[in-house]
Amino acid sequence: MMRLSGKRIGFALTGSFCTIPEVLPQIERMVQEGADVYPILSYNAATCNTRYGKAADLIRRLEQITGKEPICTIPDAEPIGPKALLDVLVIAPCTGNTLAKLALAITDGPVTMAAKAHLRNGRPIVIGISTNDALGNNAENLGTLLATKNIFFVPFRQDDAIKKPNSLISDMTLIIDAVVAALDQKQLEPLLVDKKTG
Ligand SMILES: Cc1cc2nc3c(=O)[nH]c(=O)nc-3n(C[C@H](O)[C@H](O)[C@H](O)COP(=O)(O)O)c2cc1C
C-alpha cells in the first residue's frame, strides 16, 4: 500500500539513543511507501557516541535510507517554514528534553526550529515519545502538547510500570499509521496502547 506516495515527511530524531534503532526501520518503510523523507537530528543525536551506537554511523545510515543529508543546524531547518517544505513532521524518538522545549516554545536547536517553522504553516507534527519522566516532571508538558493544535502522538504505553513508573514510550511500529491519521488532522486511536503491536 502506497499511503505516503509523494508526501514530504520531516523525520526528526532526538537523544533517546536506545530507541533510535526502533525508528530506523519505520523510516525505511516510509521511503518504501513512496515518501520523500528529510532526516533532521538534534545536536545531541548528531554528535553523541553512546553504548547504542556512533553518531557518524547514524548520519550515514540516514543518508543511505533517505538519500538526503540530515538537517543538523538551525539555519538548515529554518527554510521548512517559508518554503513550506514538509507535509508532516515526525519527532521520534522525542526525548523528555525536546518534549519540554516544544511545550514551552523554546527554539534552540534543529529539531525545535523545524517544529516552529512547520507549525507556522499550520501543518501537523507527530511525536513519538520515549522518556522516563513523562508521568513525572514532564507530565505537565505532555498534557500541554496533548491539548495543542496540530500536535499528534504516536500511541504510547508505560514501558516498565514497576521499575520506571513515570516512563512512557510510543509504539514506534505505529508511526506510519499515526502519520496517515495526522495528515487527515486526526489523532490515531487508541492513544494508550497496552503492549507492543509489532
Ligand atoms: C545512552 C543514553 C540514553 C538516553 N536515553 C534517553 C531516553 O530514552 N529518553 C530521554 O528523554 N532522554 C534520554 N537520554 C538523555 C538525553 O540524551 C538528554 O536529555 C539530551 O539532552 C537530549 O537532547 P535532545 O532532546 O536535544 O536530543 C539518554 C542519554 C544517553 C546518554
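This is a predicted model: local features need pLDDT of at least 70, side-chain atom pairs count only at pLDDT 80 or more; totals for chains, interfaces and linings use all residues.
Beyond its neighbours within four places in sequence, Ser130 is in contact with Ser16, Thr19, Pro93, Cys94, Ile169 and Ser170. Ser130 belongs to strand S4, which spans residues 125-131. Ser130 counts as buried because it has 28 C-beta neighbours inside 10 Å, and the cut-off for a buried residue is 20 or more. Ser42 lies 88 residues away along the chain, and the two C-alpha atoms are 15 Å apart.

The strands pair side by side. S1 and S2 are parallel and share 6 bridges. Within this region, Leu13 stands opposite Leu41 of S2. S1 also runs parallel to S3, with 4 bridges between them. Here Ala12 faces Ile91 of S3. S3 in turn pairs with S4, again in the parallel sense, over 4 bridges. Cys94 has Ile129 of S4 as its bridge partner. In S2 (residues 36-41), 5 of the 6 residues are buried. In S3, 7 of the 7 residues are buried.

In soluble globular proteins, nonpolar side chains tend to be buried together. The largest nonpolar core of the model has 61 residues. Val90 and Ala114 touch the most other members of this core. Apart from neighbours within four places in sequence, the contacts of Val90 are Ile9, Gly10, Phe11, Ala12, Val126, Gly128, Ile175 and Val179.

Ile175 and Val179 are among the buried residues of helix H8 (residues 175-183), together with Ile176, Ala178 and Ala182. These five lie on the same side of H8, because they cover an arc of only 160° around the axis. The buried residues of H8 pack against strand S1 (8-13), helix H1 (20-32), strand S3 (88-94), S4 and strand S5 (151-153). After H8 comes Gln185, which has a positive phi, near 60°.

Helix H7 (residues 139-146) has buried residues too, namely Asn141, Leu142 and Leu145. Their arc around the axis is only 100°, so they share the same side of H7. On the other side of H7, Glu140 and Gly143 are exposed. The cover over the buried residues of H7 includes H5, S4 and S5.

Cys18 sits in the loop between S1 and H1. Cys18 counts as partly exposed because 13 C-beta neighbours lie inside 10 Å.

Technical notes
Residues are numbered from 1 along each chain as its sequence is written. Helices (H or I, at least four residues) and strands (E, at least two) are DSSP runs, numbered from the N terminus. A residue is buried if 20 or more other C-beta atoms lie within 10 Å of its own, exposed if 12 or fewer, and partly exposed in between; C-beta atoms are placed from the backbone. Two residues are in contact if their C-beta atoms, placed from the backbone, lie within 7 Å. The arc is that of the directions from the helix axis to the C-beta atoms. A nonpolar core is a set of buried Ala, Val, Leu, Ile, Met, Phe, Trp, Tyr and Cys residues joined through C-beta atoms within 7 Å. Two strands pair if DSSP finds at least two bridges between them.
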